[in-house]
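This report is meant for someone meeting the structure for the first time.

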Amino acid sequence: MPRVSFSQVRATYHNKLLPPLLHATKSLEQARNELRWIQNELPSSQWRNAIVRRGQLEPLQYILGSQPFGPLDIKCRKNVLIPRWETEEWAMKVAEKANGKKLSVLDVCTGSGCVALLLKHQIGGPVAAVDLSDDAIALAEDNRESLKLDVEIQKGDVLQDNFYSTHFDKPFDLVVSNPPYIPKEDYEAPVSANGTERSNGLGGASRVL
């Protein structure tokens, strides 16, 4: 983990809101960016609480409640992984490869629903999404409703025998998946024990600068 230089610490003296953010980001530029996002996206009455939470290494997306994902704004909540920029990049490339065809898509391990919703928005064909987590299903449905995108969302275990035949009665042109790729024990570990926030497993702050 990078250490904070004395010059970075001195640069925060004029603004008492910056030190907790510098502690979280280890970058003065990133701390300033996060302060700007907090001030732009939250009412002033919530700024100090948000900064305290961020100083305790809570992911910024959980504090602000969303993460930009292509042209969409995806709601984020605890217990569901935060969309990452790499996922956004490959999902946009998948949409480009469709070349205007309204392909049918199945998104496995959908999480927040970000990939399914983006492909529905960009491609326009029928899209279905599946996840095992109740928290993920609830968040994906919330995102679907707020974005007004018609995506079929189902709870299911893709490792279960006959999963496909019990959930769907038609083939799909394209199956995509961005499954969790960190061990469950790391995801559930507290930040003080090098949990997902310190390993950046939940996604870095990637709002538009």
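What covers the buried residues of α6? Among the elements that do so, by contact (heavy atoms within 4.5 Å), are β1, α7 (114–123) and β6 (174–177). This is a predicted model, in which local features need pLDDT of at least 70 and side-chain atom pairs count only at pLDDT 80 or more, while totals for chains, interfaces and linings use all residues. Residues are numbered from 1 along each chain as its sequence is written, and side-chain values use heavy atoms, with hydrogens and water left out.

**Helix α6**

Helices (H or I, at least four residues) and strands (E, at least two) are DSSP runs, numbered from the N terminus. Helix α6 covers residues 85–97, and its 13 residues reach 19 Å from the first C-alpha to the last, close to the 18 Å expected at 1.5 Å a residue, where the expected span is 1.5 Å times one less than the number of residues. Its buried residues (under 20% relative accessible area, with exposed meaning over 50% and partly exposed in between, for a 1.4 Å probe and protein chains only) are T87, A91, V94 and A95. Seen down the axis of α6, these residues fall within an arc of 100°, so they line one face of the helix; the arc is that of the directions from the helix axis to the C-beta atoms. E96 and K97, on the other side of α6, are exposed. Just after the helix, N99 takes a positive phi of about 55°.

Strand β1 (residues 66–69) contains S66, which counts as buried because its relative accessibility is 8%. In helix α3 (residues 28–41) lies E34, also a buried residue, with a relative accessible area of 1%. The table gives a side-chain polar contact of each, meaning a pair of N or O atoms within 3.5 Å; within protein, one must be able to donate a hydrogen and the other to accept it, and residues adjacent in sequence count only if both atoms are side-chain atoms.

| Side chains | Polar contact |
|---|---|
| S66 and D73 | 3.3 Å |
| E34 and R54 | 2.7 Å |

**The whole protein**

The protein has 11 helices and 6 strands, and of its 209 residues 43% count as buried. Among contacts between residues at least 6 apart in sequence, 53% join residues at least 24 apart.
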